[in-house]
Amino acid sequence: MRISKMFFKTYKEDPQDAEIKSHKLMVRAGYIKKQTAGVYMFMPLGLRVLRKLCDVIREEMDNAGACEMQMTSLLPIETYSGRLEHFGSDMFRLQDRSGKEMCLGPSHEEVFTAVVKDAITSYKQLPQLLYQIQTKFRDEVRPRFGLMRGKEFLMKDAYSYDVDKAGLDKSYNLMAETYKRIFNRLGLKFVIVNADNGSMGGSASQEFMVKSSIGEDEIIVCDDCGYASNIEKAECVYTPKDVSSITKLEKKLQYTPNLKTISDLVEPLNKKESDMLKAVVYKVDDKKIVAAFVPGDREIEEIKLLRCLGGINIEMASPEDIESIGSVAGFVGAIGLKNCTVVADNSVKDMVNFIIGANKLDYHYENANLEDLHIDIFADIKKAKAGDICPNCGKVLQSIRGIEVGHIFKQNTKYTEAQQCKYLDVDGKSKYMEMGAYGIGVTRTMSAIIEQNSDDLGIILPDEIAPYKVEIVIANIKNEDQVVLAEKIYNDLLNKKVEVLLDDRQDAIGAKLKDAELIGVPYIVVVGKNTAEGKVELINRHNMARDIIDAKEIINKF
């Protein structure tokens, strides 16, 4: 492709709304163009990269024995009747001209299961592994980071159907290995972490996280044994402490005007944060009030709390909600609360002579102890952090940031039971199929690749997904010898089926090189001052190594 004939434009300045490197570079390199918040168009260069990324995914999925399909994005709203509360306002809804309620599909578990139900009747037809690469829609409250979190995005979603749990385990492990191959081919540094199933349901799930300082997810890892977990799932080991030798003091009421937070109390009471009991009040599933307690130096992990309660949605309680349980915002304590469920982290069992809210405006209790409290549930509800003990090997845990690019789930019979998706086993008995779901955020993966594969000059893509493998830059378009040599190299590479880009524009060599370094082509051939000797400069964009070589060697190089 000749740049002079291509729809091509690059930009010197970063877009004003871009916060992360990949977003800035994709806009500057002319990969994407913003349509509106969270919605982006793909320009020619970006579309080539996206298609190659899909080709890698498609090739590995096909090698794993998966069958590609294409479901519709526009669906009747009743398709998701069992999950409407999970999607809530994230789902795009509309009506057709007859008034029928429709939506744009955010995920396709129900749709695939309905298709399988109609087609599969016997164990002889199982297992099945089906997938699609399709645009999904979710009305994100805060779309940001370019393709990283958008309202419209490309996803590879796959679904397995098996006769039993052993079959599901096999399909799940097959997909885990397939994902490893995909992300390795894409040149990503990633870690596999235990994760919460969330609204997807099921018995187990793992996320494939790309290591990145701008990642939205916090990951807890052990460098010694390889344990890795999303912060939402990371287990906090509880080992009971012997506190029997500590003298318990008399509980007393303290006047603490306007001291509502843990940090507010530290200096006036001359206490450490760990000497206090932190309280947060929530509303679960829009009805149940829950008061949660952790030591003052720790945070509550809301997802762990929600799973402990078997709930679906969780939100902060209002001041009115807090009043309804006999307390006051900022002074909540687990003493005398009513009409609520009280949950405390396991570590609270070891606290002695601590500070706690007195459920009275401007008052706390000092020297409270466990026997003073009413706790309904003790559970692991605190957020894990670096320095905690690894649940596998007992060594010290670390914390890193990551970008979720893939997620695999064992969903068991959640969706097959809901849709009566059954098969007849070898004995002629009707049974529910065991199901798994496996997703890759394709456009998000593209962003993650650029986050890890770029420098101050621009994008450095792995050869397999680069828009072109080689770019030829003519230093002086008015120099006939340079033009003739560049054209010969260009045509020779085309004849060898090498994807090559020829910069034949009238621009100065400096501007051309800046574009070449920006747009993610792995190798740059400069036809310039060495033309008379039949030589060219070859730039390896991966390491910026520069070599003067015979022009005839270019064909052998590629």
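Helices here are DSSP runs of at least four residues, numbered from the N terminus. With that in hand, and bearing in mind that this is a predicted model, let's start in helix H5, which covers residues 165-185. Tyr179 and Phe183 both sit in that helix, four residues apart, or about one turn.

What do their rings do? A pair of aromatic rings is described by the distance of the centres and the angle of the planes. The structure holds nine aromatic pairs. One of them is Tyr179 with Phe183, an edge-to-face pair with 6.0 Å centre to centre and 85 degrees between the planes. The edge-to-face label applies because planes over 60 degrees apart count that way.

The cut-off behind both calls is under 20% relative accessible area.

Now move along to Phe190 and Phe208, which form a tilted pair: 6.2 Å centre to centre, with 40 degrees between the planes. This pair links distant parts of the chain, since Phe190 belongs to strand S9 (residues 190-194) and Phe208 to strand S10 (residues 204-211), 18 residues apart. Phe208 counts as buried because its relative accessibility is 0%.

Arg48 lies over the face of Tyr468, at 4.0 Å from the ring centre. Lys251 does likewise over Tyr365, at 4.6 Å from the ring centre.

From there, head to a sheet further along the chain. Strands of a sheet pair through backbone hydrogen bonds, either parallel or antiparallel. In what order do the strands of the open sheet run? Its five strands are arranged S26-S25-S27-S28-S29, and the pairing is mixed. Strand S26 (500-503) and strand S29 (545-550) are the edges, each pairing on one side only. From one strand to the next, the twist averages 25 degrees.

Zoom in on the S26 end. Strand S25 (residues 470-474) pairs with S26 in the parallel sense, over four bridges. If you want a residue to look for, take Val470, whose bridge partner in S26 is Val500.

Finally, look for helix H11 (residues 480-495), which lies across S25, S26, strand S27 (523-527) and strand S28 (535-540). Helix H11 runs at about 165 degrees to S25.

Notes: Residues are numbered from 1 along each chain as its sequence is written. This is a predicted model: local features need pLDDT of at least 70, side-chain atom pairs count only at pLDDT 80 or more; totals for chains, interfaces and linings use all residues. Side-chain values use heavy atoms; hydrogens and water are left out. Rings of Phe, Tyr and Trp (its six-membered ring) pair if their centres lie within 6.5 Å; planes under 30 degrees apart count as stacked, over 60 as edge-to-face and the rest as tilted. Helices (H or I, at least four residues) and strands (E, at least two) are DSSP runs, numbered from the N terminus. Buried means under 20% relative accessible area, exposed over 50%, partly exposed in between (1.4 Å probe, protein chains only). A charge sits over a ring if NZ of Lys or CZ of Arg is within 6 Å of the ring centre and within 35 degrees of the ring normal. Two strands pair if DSSP finds at least two bridges between them. Axes are lines fitted to C-alpha atoms, for helices over the stretch in contact, and angles run from 0 to 180 degrees between N-to-C directions. Contact means heavy atoms within 4.5 Å.
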